[in-house]
Amino acid sequence: MSVASFKALANKFVTNTFADFTQPYTFESVTRVPDDQGGYTTTWATFAAVTGFIKPTSGKEMILDDHINTENLKKFSFEYVAGITADMRILFNSKYYNIHSVASIQESTVWVDVIASESVAT
């Protein structure tokens with residue numbers, strides 16, 4: 001592959017990728033809130049609202065405690081936001097997703113890929 005064709009392919013990829021950043025979703029983090037008895041309770045609060053794209057990556061079924069459980073992983077890609085961590089969750093289309101990994105592409109501050117699975121986030 002020539003350098004010119006590689007540059008054209010890379011340019012097309014970046015253009016198409018950023019054009020697909022149309023899906024809104026929210027990152028939530030656990031926060032401690034004072035209760036009426038002098039202690040604290042935990043709740044989820046919005047950390048960042050982003051627009052990006054979502055791509056299904058894999059799925060599997062497993063038997064756990066005599067029940068069939070499914071896990072469907074999705075990749076959430078979006079413009080870089082500092083501070084996103086694996087102990088947060090994602091709210092997308094009224095469903096919660098537990099974060100498995102957070103990776104900035106080429107360790108840059110351009111965009112981030114997050115792998116997450118739909119489940120009952122606690």
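Contact here means heavy atoms within 4.5 Å. With that in hand, let's look at Lys74. This residue touches Ile54, Lys55, Pro56, Thr57, Tyr97, Val114, Ile115 and Ala116, leaving aside residues up to four places away in sequence.

A quick word on the model: it is predicted, so local features need pLDDT of at least 70 and side-chain atom pairs count only at pLDDT 80 or more, while totals for chains, interfaces and linings use all residues. Residues are numbered from 1 along each chain as its sequence is written, and side-chain values use heavy atoms, with hydrogens and water left out.

Back to Lys74, which is found in strand E3 (residues 67-79); strands are DSSP runs of at least two residues, numbered from the N terminus. Lys74 is buried but has no salt bridge, and the nearest side chain of opposite charge, Glu118, is 5.5 Å away. Buried means under 20% relative accessible area, with a 1.4 Å probe and protein chains only. A salt bridge needs a side-chain nitrogen of Lys or Arg within 4 Å of a carboxyl oxygen of Asp or Glu. Lys and Arg count as positive, Asp and Glu as negative, and His and the chain ends are not counted.

So where is there a salt bridge? A search of the whole structure finds 1. The side chains of Glu28 and Arg89 meet in it, at 2.7 Å, N to O. Glu28 lies in strand E1 and Arg89 in strand E4, so the pair ties together parts that are 61 residues apart in sequence. Both Glu28 and Arg89 are buried.

Now for the rings. The structure holds 7 aromatic pairs, meaning rings of Phe, Tyr and Trp (its six-membered ring) with centres within 6.5 Å; planes under 30 degrees apart count as stacked, over 60 as edge-to-face and the rest as tilted. Here are two of them:

| Pair | Centre to centre | Between planes | Type |
|---|---|---|---|
| Tyr25 and Phe78 | 6.1 Å | 85° | edge-to-face |
| Phe76 and Phe92 | 6.1 Å | 85° | edge-to-face |

Phe76 is in strand E3 and Phe92 in strand E4, 16 residues apart. At 0% relative accessibility, Phe76 counts as buried, and Phe92 does too at 9%. Tyr25 and Phe78 are both buried as well. Ring pairs link Tyr25, Phe27, Phe76, Phe78, Phe92 and Tyr97 into a cluster.

Notes
Helices (H or I, at least four residues) and strands (E, at least two) are DSSP runs, numbered from the N terminus. Buried means under 20% relative accessible area, exposed over 50%, partly exposed in between (1.4 Å probe, protein chains only).
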